[in-house]
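Let's take a friendly walk through this structure. Please have the sequence and the 3D view ready, and follow along one element at a time.

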Amino acid sequence: MSDLLLVSTRKGLFSVKRTANGRWAVADVAFLGDNVTLALADPRDGRRYAALDHGHFGAKLHRSADGGASWEEVGVPAYPEPPEGHVETDPFGRPIPWKLQRIWSLEPGHGTQPGVLWAGTLPGGLFRSGDHGASWSLVRSLWDRPERRAWMGGGTDVPGIHSICVDPRDGARVTVAVSCGGVWRTEDGGATWACRAQGMRAAYMPPERAYDPNVQDPHRVVQCPARPDVFWSQHHNGVFRSLDDCASWEELAEVPVSGFGFAVAVHPSDPATAWLVPGVDDQRRIPVDAKVVVLRTRDGGRSFQTLRKGLPQKHAYDLVFRHALAVDSTGERLAFGSTTGSLWVTEDGGDAWMTVAEHLPPVYAVQFG
Amino acid sequence: MPRVSFTANLQRHVPCPPCTVDGRTTREALDQAFGLYPRLRGYVLDEHGALRHHVVVFVNGQAVSGLLDPLGESDEVVVMQALSGG
């Protein structure tokens, strides 16, 4: 059970802690004024990482070995020079520079691989570090796949890797999800890759391409730690689940409120329990009826409860980004933050929510420490 | 010798007070400044050594588009952030 939240925002990294009286409150802020796009508290060694995007001055990565008391800048994923004369374009002919634009996902390697980190980036490169982020290598085996050239931007001009799932049974098995490029799996530590998005459907493509695995836009993919064959995805146009280790995906037909959203969380020990934060649709990106709700299923997606207690039900226009919903190791505590600076926590699996903050900067990511 | 200074917006991330260098081109002058402040390089240049998209360089008050022009003994190089970047 965690009493700490790392909340990455447009204007800093906020530590939110549970106090003795059971309330959650901002304890401190690092990088105040800077754009913190992601943070990671590595459960293997306690190190913390913060990914920053300085805009003019590029993306950076900082590391703390003392619980956030002090930070040092470490290495950043860097793309190699493309071959001489090589001009890379997306399927529509728009250029894709081989340059880091943003660190869009950051995950620890397996428990047997201390120091290993994985980073997903815009414009679509996966990077691996073996030294706690001091240096990074582009995973060429995925970058050089011909299918990668067909990936498209989803919400950004260029494609990006936003989800990285390291199989708790075997650290060589890593699953990544791409907007827009489907779901990709390595079984050999990154030497070879296969697309594993069969069954996903893309409503934004011409009908004959709707089931093309390589065009799918899974906004977020998560893996159940206790039942690693089970994955959940909040996709651009629906909710999908895989029970067979991403060999196939099933679209859930009975999702109430809206099938659109960005975030999904799965219970750490119960693969049938998951949470989503729906939005009205991809055109408007606001809560349905201006009411913030969380969807919870406890039966693998056959039915959902719409959770509202403690959440604003009038004139609320909060959007929850893909990394801004988190569940702790018990599955009882969850937290999510919004683009309009609200932060909510539940301690009973979502039955009731507490408002922690209403005026934070736009929240990009929430993680339990 | 040419003098190189950096926008105050960079000082917040990497301390980099003005310095005098003996580079013969703008590029050499910047490289020497990066020798003094190694972490600064990644803030001004991208991973391929190109000036970042929203970073601009002035020499004696004039914006320059390339970094290979020769520098004189008393030239002033100023690295700023472009307003185009927001």
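Let's begin with a strand of chain A: A:R48, A:A50 and A:L52 point one way from β5(A), while A:Y49, A:A51 and A:D53 point the other way, and all are buried. Here, a residue is buried if 20 or more other C-beta atoms, placed from the backbone, lie within 10 Å of its own, exposed if 12 or fewer do, and partly exposed in between. Strands (E, at least two residues) and helices (H or I, at least four residues) are DSSP runs, numbered from the N terminus. In a regular strand the side chains alternate between the two faces of the sheet. Strand β5 of chain A, residues 48–53, is mostly covered, with 6 of its 6 residues buried.

A word on the model: it is predicted, so local features need pLDDT of at least 70 and side-chain atom pairs count only at pLDDT 80 or more, whereas totals for chains, interfaces and linings use all residues. Residues are numbered from 1 along each chain as its sequence is written, and chains are lettered from A and ligands numbered from 1 in the order in which they are written.

Which strands pair with β5(A)? On one hand there is β4 of chain A (residues 36–41), antiparallel to β5(A) and joined to it by 5 bridges; two strands pair if DSSP finds at least two bridges between them. A:L40 has A:Y49 of β5(A) as its bridge partner. The hairpin of β4(A) and β5(A) has 6 residues between the strands, and there A:G46 takes a positive phi near 80 degrees. There is also β6 of chain A (residues 59–64), which pairs with β5(A) in the antiparallel sense over 6 bridges. A:L52 has its bridge partner, A:K60, in β6(A). In the hairpin of β5(A) and β6(A), with 5 residues between the strands, A:G55 takes a positive phi near 65 degrees.

Further along chain A, 4 strands form an open sheet with antiparallel pairing, in the order β12-β13-β14-β15. Because β12 (160–166) and β15 (194–195) of chain A each have a single partner strand, they stand at the edges, and one side of each is left without a neighbour in the sheet. Strand β14(A), residues 182–186, is joined to β15(A) by 2 bridges, and A:R185 has A:A194 as its bridge partner there.

Finally, turn to chain B. In helix α2 of chain B (residues 26–36), the buried residues are B:T26, B:A29, B:L30 and B:A33. They cover an arc of only 95 degrees around the axis, so they lie on the same side of α2(B); the arc is that of the directions from the helix axis to the C-beta atoms.
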